[in-house]
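Colleague: Could you take a close look at the helix packing for me, and then carry on to the aromatic rings and a couple of buried side chains?

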Amino acid sequence: RTPTDEELQRVVALAHAEEADGKKWEESIRRAFQAILCSPKFLFRVELDERPQSPEIRPLDEFSLASRMSYFLWSSMPDDELLDLAERGELTSCLDEQVQRMLADPKAQTLAENFLPQWLQIQRLQRSAPDPEKFPDFDEHLRQAMLNETKLFFASVMDEDRSIFDLLDADYTFLNDSLARLYGIQDVDAQSDGKESARDSNFRRVVLEGRRRGGLLTQASVLTVTSNPTRTSPVKRGRWVLEQLLGEPPPPPPPNVPELPEHDQSTATTLRQKLEIHSADPTCANCHAKMDAIGFALEHYDAIGAYREMDGTAEIDAVGKFADGTTFEGAEGLKSVLMENKALFSRGLTEKMLIYALGRGLQYYDRSIVSRIVEAMADDRYKFSALIRAIVKSEPFRTRRSEPTRQLETNPKE
């Protein structure tokens, strides 16, 4: 932002004082620069406010708005155009145009680098350690390929301004040779639509047949971080869908509930049978009914995301059933159920993106804002850019207020 006269004169006075003390001009300017670089207003993102303690809602100044936009979409400081508009007081009046410009800028790829891993929790893939005896194909190259696929896929939805529901179900993805082998696709070039990834020349954009793959649910990065080292985990996968995609995390488990043992002596022969016995406790049944149904539908994918028909010697049972009687089978059926309930995913994604944009958790008074953002997306066919525009134009993003300071209560008798 433009410095105030008082800020400028303070630094100039310091330089003059250094000269008056016998320092050379260069040394005086060096001390002035040191003062600038040590200023909290340089070191931190400060939103200037004449009433910092006021609980009233008030608009941000134009420079603070420019910073919020740039750190939201670019993870960096505003560029000259944003600063020029802010200086002229014209930024608020052209938010739509600036959002479109900023999304088209290569710097917007920081959303795929920063927001995406936080949203999907796939940064945990860096610490995942699938059992090398059971999954010998998993190595560092495959680990990185898993991450790249998800980032490239998310970036394509953003770059092409596709519907947010393409994140759930799409007819394409990005693969390199090692990931294609994991997915059972023999020839990447034969399946490719002829487009190289602009961000990684080793990856091709591949057209998918059927709905076995396509969308975030069936990508190896997600399937691996929601598994155990030796086997899949329907509970983890179900919880991940509820929490990360739908914004409806289940309550924490009751105390003293043991984990499902890796090796048990029960008569159950399949993971599904063991889990059904494990979750038969009435105190656990309600939450497990939601999580397990979702997780069972993804059981065709092993702990690193490879498709399978058998779990050892047992045939996979990928049927899920909710308490209301809704039944679905496999990832295809699960995706269909989610697509039929678009309000859940659109609201869940809106909440996650709004948290990222504001840098704070959501409060009860943000619920109506989330609803209005979802409505604005629906009016524009749920385009990715519609989500970003609605967030930038929302009241929490463009305004601020201070939480009232709690006063310590004193007891006059003490």
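Modeller: Let's start with H5 (residues 80–87) and H6 (residues 95–104), whose axes come within 11 Å and cross at roughly 165°. That makes H5 roughly antiparallel to H6, a label for angles over 145 degrees, with under 35 counting as roughly parallel, 65 to 115 as roughly perpendicular and the rest as oblique. The axes are lines fitted to C-alpha atoms, for helices over the stretch in contact, and the angles run from 0 to 180 degrees between N-to-C directions. Helices here are DSSP runs of H or I with at least four residues, strands are runs of E with at least two, and both are numbered from the N terminus. Before going further, a caveat: this is a predicted model, where local features need pLDDT of at least 70, side-chain atom pairs count only at pLDDT 80 or more, and totals for chains, interfaces and linings use all residues. Residues are numbered from 1 along each chain as its sequence is written, and side-chain values use heavy atoms, with hydrogens and water left out.

Back to the pair: the crossing of H5 and H6 is left-handed, meaning that the near helix is turned anticlockwise from the far one by less than a right angle (clockwise would be right-handed). On the H5 side, Glu 81, Leu 82 and Leu 85 meet Gln 98, Arg 101 and Met 102 of H6, contact being heavy atoms within 4.5 Å. Those residues split into three nonpolar, one polar and two charged. For that sorting, Ala, Val, Leu, Ile, Met, Phe, Trp, Tyr, Cys and Pro are nonpolar, Asp, Glu, Lys and Arg are charged, and the others, Gly among them, are polar.

Now put H4 (residues 62–73) and H18 (residues 384–392) beside that: their axes come within 11 Å and cross at roughly 150°. H4 is therefore roughly antiparallel to H18, but the crossing of H4 and H18 is right-handed. Here Met 69, Phe 72 and Leu 73 from H4 meet Ile 388, Ile 391 and Val 392 from H18. The tally for this contact is six nonpolar, no polar and no charged.

Phe 72 turns up again in a cluster linked by ring pairs, whose members include Phe 115, Trp 119 and Phe 384. The whole structure holds 14 aromatic pairs, where rings of Phe, Tyr and Trp (its six-membered ring) pair if their centres lie within 6.5 Å; planes under 30 degrees apart are stacked, over 60 edge-to-face and the rest tilted. Phe 115 and Trp 119 are a stacked pair, at 5.7 Å centre to centre with 15° between the planes. Both sit in helix H7 (residues 110–120), four residues apart, about one turn of the helix. Phe 115 counts as buried at 2% relative accessibility, where buried means under 20% relative accessible area, exposed over 50% and partly exposed in between (1.4 Å probe, protein chains only). Trp 119 is buried too, with a relative accessible area of 1%.

As for buried side chains, Glu 18 lies in helix H1 (residues 5–20) and is buried at 11% relative accessible area. Leaving out residues up to four places away in sequence, Glu 18 touches Lys 23, Ser 28 and Arg 31. Thr 218 is in the loop between strand E4 (204–207) and helix H11 (220–225), and is buried at 2%.
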